Amino acid sequence: MFEELRKVYQGKKILLTGHTGFKGSWLLKILSMLGAEVKGYALAPENDYDLFYLLGGDRLCESITGDIRDGDRLKKEVLSFQPDFIFHLAAQPLVRLSYEVPSETFEVNAIGTAKLLDAVRLLNKPCSAVLITTDKVYHNYEWEYPYRENDRLGGYDPYSASKACAELIIDSYRNSFFNKTRYNSHKKGIAVARAGNVIGGGDWSKDRLMPDIARALANDVEIIIRNPDAVRPWQHVLEPIVGYLILGKHLRTSYLKYGQAYNFGPETTDALPVVDMVSLAIERWGSGDYKIERQEDQLHEAGLLKLDISKAITDLLWKPKSNALKAVELTIDWYKQYNSAKETISRFTEQQISEFLTIPS
């Protein structure tokens, strides 16, 4: 897999928005290992222990500090760089935070995406763009049926709705300015990747399951579970990131076929409730305990969500390399390494990437 991806991305110019975030930092690290020339555009990391700093992100790319909503600045950076590929990860990614800053969430996730596509319109060269949304774009009926890419979009909370709005914007731009029938004229390939409930080392976000678990275990305090029965399609961060790269590769060769939306997630039988994920994490760490604290005024969060990944398997020949148990093991191993030998964490991250990419598909 590594050599296959390196043939595609080595020496190519990659614009990566959101490169200072959790998923963006993992993708930045992989792209640097593949020999790509990366320009990142994002807000500055909030903390000195964020993954971007731990990986030496400033040495892995040309790092631009900018707001995705700043259309003029974004256009300037895109046009000066002339990217071959774009991976758009910049977002306000937290469901619970979206209840506190709803309008900002819509601005960043929906209008920010439009600002990026405005810049892409002005590029006078071939460019393939993979735009990352979320599994939460679907109107969630909370049934066992796994959602397919042509199912209804929607969103209860501001985060989910903002990402559904972003998808409507993408579809409009794709039809209006990057229509497949006129590809030979505009040379732009636009695709959407939907993935969610990603876990992995280096995520320090507030009100996310695995960061909360890691902090509690490191400090030898009880893990607080607020929604123990919620079932999610858990996956390690490298699963969808490899999917994004594979989608980018195919998009480059045939926009007519691959310029659409794809789900990236685990097998539908691999979804686990939160309480099981916590138990697996404690077992891997070697100690710890949890308690359940249900809140009567708890903000709404979906109780059940599964994705149908058959299209990605059929079209892209992508499929999950591991399961939820392995995802927890990789994640907890990363946090254990960080707590015991922080200075080695960049090398440890690279080792996890290398080992993951050698797992047979």
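Contact here means heavy atoms within 4.5 Å, and buried means under 20% relative accessible area, with exposed being over 50% and partly exposed in between (1.4 Å probe, protein chains only). Helices (H or I, at least four residues) and strands (E, at least two) are DSSP runs, numbered from the N terminus. This is a predicted model, in which local features need pLDDT of at least 70 and side-chain atom pairs count only at pLDDT 80 or more, while totals for chains, interfaces and linings use all residues. Residues are numbered from 1 along each chain as its sequence is written, and side-chain values use heavy atoms, with hydrogens and water left out.

## Two helices crossing H15

Two packed helices are described by the angle between their axes and the distance between the axes. For helix H10 (residues 209-218) and helix H15 (residues 324-340), the axes come within 11 Å and cross at roughly 45 degrees. Axes are lines fitted to C-alpha atoms, for helices over the stretch in contact, and angles run from 0 to 180 degrees between N-to-C directions. H10 and H15 are therefore oblique to each other; angles under 35 degrees count as roughly parallel, over 145 as roughly antiparallel, 65 to 115 as roughly perpendicular and the rest as oblique. On the H10 side, Met210, Pro211, Ala214, Leu217 and Ala218 do the touching, and they meet Val328, Thr331, Ile332, Tyr335 and Asn339 in H15.

Helix H13 (residues 274-285) also crosses H15, with axes that come within 9 Å and an angle of roughly 45 degrees. That makes H13 oblique to H15. From H13, the contact uses Met277, Leu280, Ala281, Arg284 and Trp285. The H15 residues in this contact include Ala324, Leu325, Glu329, Asp333 and Lys336.

## The parallel sheet

Now for the strands. There are 7 of them in an open sheet, ordered E3-E2-E1-E4-E5-E6-E11, and the pairing is parallel. Two strands pair if DSSP finds at least two bridges between them. Strand E3 (62-65) and strand E11 (261-263) stand at the edges with a single partner strand each, so one side of each is left without a neighbour in the sheet. From one strand to the next, the twist averages 20 degrees.

Strand E2 (residues 37-42) runs parallel to E3, and 4 bridges join the two. Ala42 is found opposite Thr65 in E3. Helix H2 (residues 22-33) packs on the sheet, where it touches strand E1 (13-17), E2, strand E4 (85-88) and strand E5 (127-132), and its direction makes about 165 degrees with that of E1. Helix H5 (residues 71-81) packs on the sheet too, touching E1, E2 and E3, with its direction at about 180 degrees to that of E2.

## Salt bridges

Side chains of opposite charge can pair when their charged atoms come close. The structure holds 19 salt bridges, each being a side-chain nitrogen of Lys or Arg within 4 Å of a carboxyl oxygen of Asp or Glu. One of them joins the side chains of Lys29 and Glu350 (3.3 Å, N to O). This pair links distant parts of the chain, with Lys29 in helix H2 and Glu350 in helix H16 (residues 345-357), 321 residues apart. Lys29 is buried at a relative accessible area of 6%, whereas Glu350 is partly exposed at 35%.

Which part of the chain does Lys39 in strand E2 link up with? Its partner is Glu77 in helix H5, 38 residues apart from it, and the two side chains meet at 2.7 Å, N to O. Lys39 counts as buried at 2% relative accessibility, and Glu77 is buried as well, at 9%. Arg69 and Asp67 form another salt bridge (2.8 Å, N to O). Arg69 is partly exposed, with a relative accessible area of 28%, and Asp67 is partly exposed at 24%. Salt bridges that share partners also bring Lys39, Arg73 and Glu77 into one network.
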